[in-house]
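Please keep the structure open while reading this note.

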Amino acid sequence: MPFQKSVPVVGIVGGGFTGATVALHLANTFGKRKPPKIVVFEPRERLGAGLAYDTAEPVHRINVPAGRMSAYPDDPESFTRWLEKTDALVDDPEAFSADGTPFPRRAIFGRYVAAQLAPLLSSGIVEHRRTTVSEIARDAGRWIVQPQDGQTTEVDILVVAVSHPSPSLPRSLRAIASHPKLIGDATRPDALAPIEPSDRVLVVGNGLTAADVIAALRRRGHRGAITAISRRGLRSRGHSKSVQDPFGDFLDHPSPTASHLLHRVRQQIAAAVRAGFTWHAVLDTVRSQAQTIWAGLPVAERRRIVRHLRPFWDVHRFRIAPQVEHALDEAVEDGSLSILAASVLSAKQGDDGFHLLLRKRHATEPMPLVVDAVVVTTGPGHGSILQSQPFLSGLAENGLLTLCPTGLGILNDRTARAVTAQGEHLETLFIAGPLARGTVGELMGLPQVTEHAVLVAQQVADILSAGPTGDPVKPAAFKKQAALP
C-alpha cells in the first residue's frame with residue numbers, strides 16, 4: 001500500500017541480522033515520538049535469520065557462548081534471558097559444553113532476533129517486504145527501489161545491509177563445475193545431500209564453513225575419507241578451556257605498520273604464556289581494540305594485513321564451538337580427516353571420481369588425489385561483491401558505489417555513508433554490517449555488527465530529526481568531504 005508522503009520512509013535492503021537490528025534500533029531510537037516508516041526488503045520468511053541463522057542443520061551452532069550474543073550492546077544478557085524464558089534448549093542437551101556453557105544452534109538465535117522484531121512488525125512501524133530487490137535508482141533526492149514483486153517503493157534514506165556473496169569457484173575446478181558432487185556453496189540448504197556415506201571428499205578451504213561441513217558429514221554417518229586443504233594448512237581454533245580476561249594493550253603506542261603490529265602481537269602472546277594465559281587472551285584484546293588499531297593504519301598497511309595476515313587472523317579470531325571442535329578432533333584421531341597445506345592445480349572427471357592434482361606447500365611435484373565429491377568453503381567472494389546482486393551492479397555502474405581499496409566490502413566513511421569513486425559521501429545511502437568492514441576493520445563478529453547497526457540507526461535518526469516535523473525528509477543529495485585515508 002502507498003506510504004503517506006508526510007511520513008519519511010527508510011528502506012533497508014537485506015533483513016538478516018544486520019538489517020533486522022538496524023530496523024530494531026532505529027525504531028527504538030524514537031521512543032514515543034512518531035517514527036519513520038521502515039521497510040525491510042528480505043526474501044526469507046522471517047527477519048533476523050539471514051544466511052548465518054537460517055539453517056536447519058543441527059550441527060550449525062553459534063561459535064561463541066550465548067552470553068556474548070545479543071541484539072543490544074547495552075544488554076548482553078538479552079539472549080540468555082530469552083533462552084530461559086522460552087525453554088529453547090530443552091530438547092537440545094548437546095548445546096552445553098563440558099563446563100555447562102550454552103552454544104545453541106544458530107537457528108535458535110535467528111528465532112530470538114525475529115522475536116525482538118515481532119512487536120514492531122505487528123504495530124506496522126516495520127514492514128517486511130518478502131521480496132528481492134532488482135534495481136535501485138536515484139530521482140529528485142529519493143531512492144526508487146524496484147523489487148521483484150513489482151511494487152516500486154520510494155524511500156528517503158537507503159540502508160544496504162546485504163551479506164557477502166557466495167564463494168567464487170576456483171578456476172582450477174571449473175572443468176567439473178556442472179557435476180552435482182561439485183558443491184560450490186556449502187551454505188545452501190541441503191547442499192551436502194549429494195554426498196554419499198562412503199564418498200571420498202575434498203574440502204577446499206579450512207575455516208568455519210569447512211568445520212561445519214565436516215561436522216555435518218560426520219553427524220550424517222559419513223565414513224569416507226575427507227581431505228581438507230588450504231594454502232597454509234591452517235585449521236580453525238577452538239575456545240580456551242578456561243575463562244580468561246583480555247591480556248595486553250595495543251593502543252598506547254599504535255602500530256604504524258602491519259609488520260610492527262604482528263611483532264607486538266607475538267610479544268604479547270609470549271608474555272601471556274609466561275603469565276599463565278593462552279593466546280586467546282591476547283587475541284581477545286586485539287579483537288576489542290581492532291577498530292581503533294585499523295583506523296590508525298594507512299590503507300597500504302591495511303592491504304598488507306588483508307593479503308598476508310588475514311588467514312591467520314581468521315582461524316584464531318573465528319573460533320569454532322566446542323561441539324564442532326570435538327567432531328574435528330575425532331575425525332583427525334580416527335584417521336578419516338587429513339588437513340593439508342595445498343591448493344588445487346587441476347581437476348577432471350574420471351570413471352572412478354574426480355582426478356585432481358594438488359600443489360602441496362613447499363613440494364616440488366604435484367600430488368594426485370582421487371575423490372568422489374568436492375566442497376568449496378573458501379569464504380566470501382569479496383572481489384565480486386558489486387556483481388553479486390543486480391541492484392548493487394546498477395548502483396556501481398551509476399558511480400554511486402565502489403569497492404573499498406582494502407578489498408573488503410564497499411567503500412564507506414566512518415559514519416557508514418557510502419563513498420563514490422569520486423570521493424563524494426552520499427548523505428542518505430548507508431552501508432551496514434560486514435560489507436563496511438574495509439573502513440571499520442573488525443566487523444564480522446556479532447557484537448561488532450550490533451554496534452555498527454546502532455551507529456547506522458543513530459545516523460539515520462539524526463537525519464530524520466533534523467527535518468521539519470511531519471514533513472518529508474529532504475537532506476542534501478551529496479556531502480563533499482575529503483577522501484578516506
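1. The secondary structure of this protein comes to 12 helices and 17 strands. Its radius of gyration is 23 Å, close to the 23 Å that the globule rule gives for 485 residues, so the protein is as compact as a globular protein of that length. The model is a predicted one, and the points below should be read with that in mind.

2. On overall dimensions, the C-alpha trace spans about 70 × 55 × 50 Å along its principal axes. Of the 485 residues, 51% count as buried. The protein exposes about 22,100 Å², and carbon and sulfur atoms supply 52% of that area.

3. Contacts within the chain can be sorted by separation in sequence. Among contacts between residues at least 6 apart, 70% join residues at least 24 apart.

4. On charge, there are 53 positive and 47 negative side chains. The centres of these two sets lie 5 Å apart.

5. Next, one sheet. Strands of a sheet pair through backbone hydrogen bonds, either parallel or antiparallel. Here an open sheet of 7 strands has mixed pairing, and the strand order is 8-14-9-10-11-12-13. Strand 8 (182–183) and strand 13 (367–371) are the edge strands, each pairing on one side only.

6. Two pairings show both senses. Strand 9 (residues 201–204) runs parallel to strand 10, with 4 bridges between them; Val-203 has Ala-228 in strand 10 as its bridge partner. Strand 11 (residues 337–350) and strand 12 (residues 353–360) pair in the antiparallel sense over 8 bridges, and Ser-343 stands opposite Arg-359 in strand 12.

7. Is strand 10 (residues 226–230) enclosed or open to the outside? Because 5 of its 5 residues are buried, strand 10 is largely enclosed by the rest of the structure. In a regular strand the side chains alternate between the two faces of the sheet. In strand 10, Ile-226, Ala-228 and Ser-230 point one way, Thr-227 and Ile-229 point the other way, and all are buried.

8. Arg-106 belongs to helix 4 (residues 106–123). Arg-106 counts as buried because its relative accessibility is 16%, and the cut-off for buried is under 20%. Which residues does Arg-106 touch, not counting those up to four places away in sequence? They are Ala-52, Tyr-53, Thr-55, His-60, Arg-61, Ile-62 and Asp-212.

Terms used
Residues numbered from 1 in each chain as written. Predicted model: local features only at pLDDT ≥ 70, side-chain atom pairs only at ≥ 80, totals over all residues. Heavy atoms only, no water. Helix = DSSP H or I, 4+ residues; strand = E, 2+ residues; numbered from the N terminus. Buried < 20%, exposed > 50% of the residue type's maximum accessible area, 1.4 Å probe, protein only. Contact = heavy atoms within 4.5 Å. Rg over C-alpha atoms; globule rule 2.2 N^0.38 Å. Areas by Shrake-Rupley, 256 points an atom, 1.4 Å probe, with all protein chains shown as cover. Lys, Arg positive; Asp, Glu negative; His and termini not counted. Charge placed at Lys NZ, Arg CZ, Asp CG, Glu CD. Pairing = 2+ DSSP bridges.
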